[in-house]
Amino acid sequence: MRELSLLSAAAEVPDRLCLVAEDQAWSFADVASQVTAAIHMLEERGVVPGERVAIAPEVDFDAIVWLYALFEMGCPVVLLHPRLTEEERADVTRLAAPALTIDGILDLSPRPHIPPRPDVPPERTLAIVSTSGTGGASRGAILSRRAFVASAQAHAANLGWTSEDRWLLTMPPAHIGGLSILTRCLTARRAVVLAEGRFSAERVARTASEQQVTLISIVPTMLARLLELSPSWVPSASLRAVLVGGASCPPTLLARALERGVPVVTTYGCTEACSQVTTQRLDQVGAVGSGAPLEGVGVRIVDGEIQLSGPTLMDGYEGDRTSPWTSDGWFRTRDAGAFADDGQLVVLGRLDDMIVTGGENVAPAEVEAALEALPEVAEACVFSVPHESWGDEVVAAIVAAIEPFDRARVRSALRDHLAPFKHPRRVAVLPSLPLNRNGKVDRAAVRRECADSLKPFA
């Protein structure tokens, strides 16, 4: 598939901007010369087209060149998150059995020119990407080249492309959110701007402004850090969309962003569907929901569960024979959701997180949204602990926006927004909520941290 060929892109638009860092920019022709060098190095190490190769890519130039070289060779990429422990990395590589694990920098010495390779079959695996593990142990989703191209086309049909587009890469390509930015921009022959290193709000804000970034993908925690930089920080005029996904966006955070002029469009997606499933349009900035299903993506709600179909879906999980599919071929996300009257998907959290208290179902995301809408609450994480009478007891960890935290006032305010059975019975006030490696709230870590500090809400 030529859409995912960097060498083909260089033949088509050699002088167009491909990659940008803080102090350097590379055209497609420039990057092609480095991809050529990487292909020679891989061949010298005995890698042949079609063999799996593992890499732990950070947000840096060398890592992206290695990825483009593997795309070119038709080598399925086994992605290792840079912050995996040695034990976790060994578990992934043992299961995926790559022929080589890339560990080193590029040799930049000149190498013989390599023309674009023959078309790689669209059904061949492009990447094996670990899920975040929110519903249990992490698993590797097997994603084909066809699925990534279909995902890129669905994005283009929704937000479109301009000739000036530059997408800021803020998360490592080992994460589906980072990898899909590379594949979308490669397919569209557009530039990727690198926010190199681990996430820094200061660096992201500076790079977005200096490099005239037009598109950014971040999780809510990253957005909050950007807004905390300075009361006077506002996005540059070039920025046309900030895609916020990976977790629900608290209404107070969304309101703060809109007041600052940040063009936030919320999105819902998953690793198993090559990232985006639903995304708001630019004329829906500020609306409640995560947008309507993208073109070609099927979304339905069955017994409260979000289920998916379409060409962006994975081929299965690596080494896992448990079927995630329904009898009629839909992927079961284990996410809870519903459609709003305007057709937007409203995500209510994980089905596995659903709390059953006194026979009533409580969605943690709904309670978190109600808490975070109050001026006293900066962030909230709602979960349950066993209760001898109710089955589950609804509890919450809260980061206070106003000190001292007035439990009685917050409990009273919730009465106008939530049925009584949804109210947290006990609360722990934390300085911050622990996050997992993908920037999402780590519910298991919150539960452990709050074990001895939960106190009656009022």
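**Close-up 1. Helix α8 passes helix α9 in a left-handed crossing.** A crossing counts as left-handed if the near helix is turned anticlockwise from the far one by less than a right angle, and as right-handed if clockwise. Helix α8 covers residues 220–228 and helix α9 covers residues 251–259, and the two pack at an angle of about 45° with their axes 10 Å apart. Helices here are DSSP runs (H or I, at least four residues), as strands are (E, at least two), numbered from the N terminus. The axes are lines fitted to C-alpha atoms, for helices over the stretch in contact, and angles run from 0 to 180 degrees between N-to-C directions. The two helices α8 and α9 are therefore oblique to each other, given that angles under 35 degrees count as roughly parallel, over 145 as roughly antiparallel, 65 to 115 as roughly perpendicular and the rest as oblique. On the α8 side the contact (heavy atoms within 4.5 Å) is made by P220, L223, A224, L227 and E228, and on the α9 side by L253, R256 and A257. Sorted by class, the residues of this contact are six nonpolar, no polar and two charged; Ala, Val, Leu, Ile, Met, Phe, Trp, Tyr, Cys and Pro count as nonpolar, Asp, Glu, Lys and Arg as charged, and the others, Gly among them, as polar.

The model is predicted, with local features needing pLDDT of at least 70 and side-chain atom pairs counting only at pLDDT 80 or more, while totals for chains, interfaces and linings use all residues. Residues are numbered from 1 along each chain as its sequence is written, and side-chain values use heavy atoms, with hydrogens and water left out.

**Close-up 2. Helices α3 and α6 cross at roughly 60°.** The axes of α3 (residues 61–73) and α6 (residues 176–188) come within 12 Å, and the angle makes α3 oblique to α6. Their crossing is right-handed. From α3, the residues I64, L67, Y68 and F71 meet L179, L182, T183 and L186 of α6, a contact with seven nonpolar residues, one polar and no charged.

**Close-up 3. R139 lies over the face of Y317.** R139 is placed at 3.8 Å from the ring centre of Y317, where a charge sits over a ring if NZ of Lys or CZ of Arg is within 6 Å of the ring centre and within 35 degrees of the ring normal. The charged end of R425 likewise sits over the ring of W390, 5.4 Å from its centre.

**Close-up 4. A cis peptide bond joins E403 and P404.** Omega is about -5° for this bond, and P404 is found in the loop between β23 (391–400) and α11 (407–414).
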